[in-house]
Amino acid sequence: MSNTRGLDAGVVDAVREAVSFVCDPEYPEVTIAELGILESVSLSEDGSAVRVELVPTMLGCPALDVIRRDVLAAAQLVSAGTDVPIDVVFVADPVWTPDRIAPSAVSFMAREYSVAVRNARAEATCPICGNQALEHRSDFGPMPCRSVEWCPECRNPVEVVGRVDISLPTVPA
């Protein structure tokens, strides 16, 4: 296809498949699809471009530029020779939560990186010993999207994706 009018679903499907295999820079064996960052791949409203929508794990994440670049490179690779414009955008809706992480990625991150995931379905579990009674230590870990907890059972610090909601005391007016 030499022009971009009337793009067919085959190009969109090829781009979707290619970008779903892009890995996260922090966890190089975990894809952005497994982390729930890849929201959608579709035709633009006028049908002249492929639009890739990504959900940032947090605004200001230092990995966003790397992810955008890698997604664009993967999309351009499979659409080479078609002159298809690729739009890669980060969207604010929906909001990313740890619930978007695939269970297989949660297991992999625990096993390979000793990183726990806190989500709405369960409390974070120590990836080393399985203890479910972690003690909160810091709201911020090595990256702003991770907190630090302590496992009293195996006596290890644990990075946790998904921070604890912090209740601030109400200040009287």
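Which residues lie nearest the centre of the largest cavity? In this predicted model, they are Glu-26, Tyr-27, Leu-35, Thr-57 and Cys-145, which belong to a lining of 15 residues. The count of cavities of 30 Å³ or more comes to 1, and the space in the largest cavity is about 130 Å³. By class, its lining holds 11 nonpolar residues, 3 charged residues and 1 polar residue.

We can turn next to a pair of helices. Helix 1 spans residues 9-20 and helix 2 spans residues 64-78; their axes come within 8 Å and cross at roughly 140°. Angles over 145 degrees would count as roughly antiparallel, and 65 to 115 as roughly perpendicular, so helix 1 and helix 2 are oblique to each other. The crossing of these two helices is right-handed. On the helix 1 side, the residues in contact are Ala-14, Val-15, Ala-18 and Val-19, and they meet Val-71, Ala-74, Ala-75 and Val-78 of helix 2. This contact comprises 8 nonpolar residues, with no polar and no charged ones.

A further feature is the second largest pocket, which has about 150 Å³ of space. Its lining has 12 residues, and those closest to the centre are Val-106, Val-117, Glu-123, Ala-124 and Thr-125. Helix 3 (103-113) and strand 4 (115-117) each contribute at least two lining residues; strand 4 gives the most, with 3. The lining of the second largest pocket divides into 9 nonpolar, 2 polar and 1 charged.

Technical notes. Residues numbered from 1 in each chain as written. Predicted model: local features only at pLDDT ≥ 70, side-chain atom pairs only at ≥ 80, totals over all residues. Heavy atoms only, no water. 1 Å grid on protein atoms, 1.4 Å probe; cavity = no way out; pocket = protein on both sides within 12 Å on 5 of 7 lines; lining within 4 Å. Points joined across faces, edges and corners; volume = space filled by probe spheres on them. Nonpolar A, V, L, I, M, F, W, Y, C, P; charged D, E, K, R; others polar. Axes fitted to C-alpha atoms, helices over the stretch in contact; angles between N-to-C directions. Helix = DSSP H or I, 4+ residues; strand = E, 2+ residues; numbered from the N terminus. Parallel < 35°, antiparallel > 145°, perpendicular 65-115°, else oblique. Left-handed = near helix turned anticlockwise from the far one by under 90°. Contact = heavy atoms within 4.5 Å.
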